[in-house]
Amino acid sequence: MNLNESTTIPSGKDIKRKWFVIDAAGQTLGRLSSHAASILAGKTNPLYTPYIDMGDHVVVINAEKIQLTGMKGSQKLYRRYTGFPGGLREESYTKLLARRPEAILEQSIKGMLPKSKLGRQMATKLKVYKGADHPHHAQQPVALEMHSSGKPMELHKKQEHHRKAKA
């Protein structure tokens, strides 16, 4: 038994954050949102610690090309409250998609993050854009391709490699 082996507890100072770009064109809203949320929370990081923001930055492009399954496109409603009496506003998915498609992805991803100061801090690392252009080229973001199963290709390749190693 080696007594020098110990569990490393990361500090918030020595986190090296990566930048990922996810193309939302043709992707399902929920699957894309859950993977983006896990990257923002840092769950893909081997040093993941629940009480530290270990997440990476996520840039989502082509937000207007996101898809929903089934009849959700015609049935889904987005509600917000203005703060005034009688100020409950409803907007259908199709109208919000035409007016502001970034809001759909932002709400979906932020809803999958913790509801606390830490979750709000994680949400600041999310950038969603309507078209294929984004101003974050200087950060050299890595394109995160999605597999047909809905999982990011990087994670899918790791799981396949792990399965092959077991066999």
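Helix H4 (101-110) lies across strands S2 and S5, and its direction makes an angle of about 155 degrees with that of S5. The model is predicted.

**Sheet**

- Four strands form an open sheet in the order S5-S2-S1-S6, and the pairing is parallel.
- S5 and strand S6 (142-143) are the edge strands, each pairing on one side only.

**Helix H1**

- H1 spans residues 29-41, a run of 13 residues.
- The distance from the first C-alpha of H1 to the last is 18 Å, close to the 18 Å expected at 1.5 Å a residue.
- Because 10 of its 13 residues are buried, H1 is largely enclosed by the rest of the structure.
- The buried positions of H1 are Leu29, Leu32, Ser33, His35, Ala36, Ala37, Ser38, Ile39, Leu40 and Ala41.
- Gly42 follows H1 and has a positive phi, near 90 degrees.

**Salt bridges**

- The structure holds 5 salt bridges, described here in part.
- One of them joins Glu90 and Arg79, with the closest N and O atoms 2.8 Å apart.
- Glu90 belongs to strand S4 (residues 88-92) and Arg79 to strand S3, so this pair ties together parts that are 11 residues apart in sequence.
- Glu90 counts as partly exposed, at 47% relative accessibility, whereas Arg79 counts as exposed, at 55%.
- Arg100, Glu102 and Glu106 are linked in a network of salt bridges.
- The salt bridge between Glu106 and Arg100 has its closest N and O atoms 3.6 Å apart.
- Arg100 is partly exposed, with a relative accessible area of 37%.
- Glu102 is buried, with a relative accessible area of 16%, because the buried class takes in values under 20%.
- Glu106 counts as partly exposed, at 22% relative accessibility.

**Overall architecture**

- The secondary structure of the protein comprises 6 helices and 6 strands.
- Read from the N terminus, the elements follow the pattern β-α-β-α-β-β-α-α-α-β-β-α.
- The protein has 167 residues, of which 37% count as buried.
- Of the contacts between residues at least 6 apart in sequence, 66% join residues at least 24 apart.
- The accessible surface comes to about 10900 Å², and carbon and sulfur atoms account for 53% of that area.

Note on methods:
Residues numbered from 1 in each chain as written. Predicted model: local features only at pLDDT ≥ 70, side-chain atom pairs only at ≥ 80, totals over all residues. Heavy atoms only, no water. Helix = DSSP H or I, 4+ residues; strand = E, 2+ residues; numbered from the N terminus. Expected span 1.5 Å × (residues − 1). Buried < 20%, exposed > 50% of the residue type's maximum accessible area, 1.4 Å probe, protein only. Contact = heavy atoms within 4.5 Å. Pairing = 2+ DSSP bridges. Axes fitted to C-alpha atoms, helices over the stretch in contact; angles between N-to-C directions. Areas by Shrake-Rupley, 256 points an atom, 1.4 Å probe, with all protein chains shown as cover. Salt bridge = Lys/Arg side-chain N within 4 Å of Asp/Glu carboxyl O.
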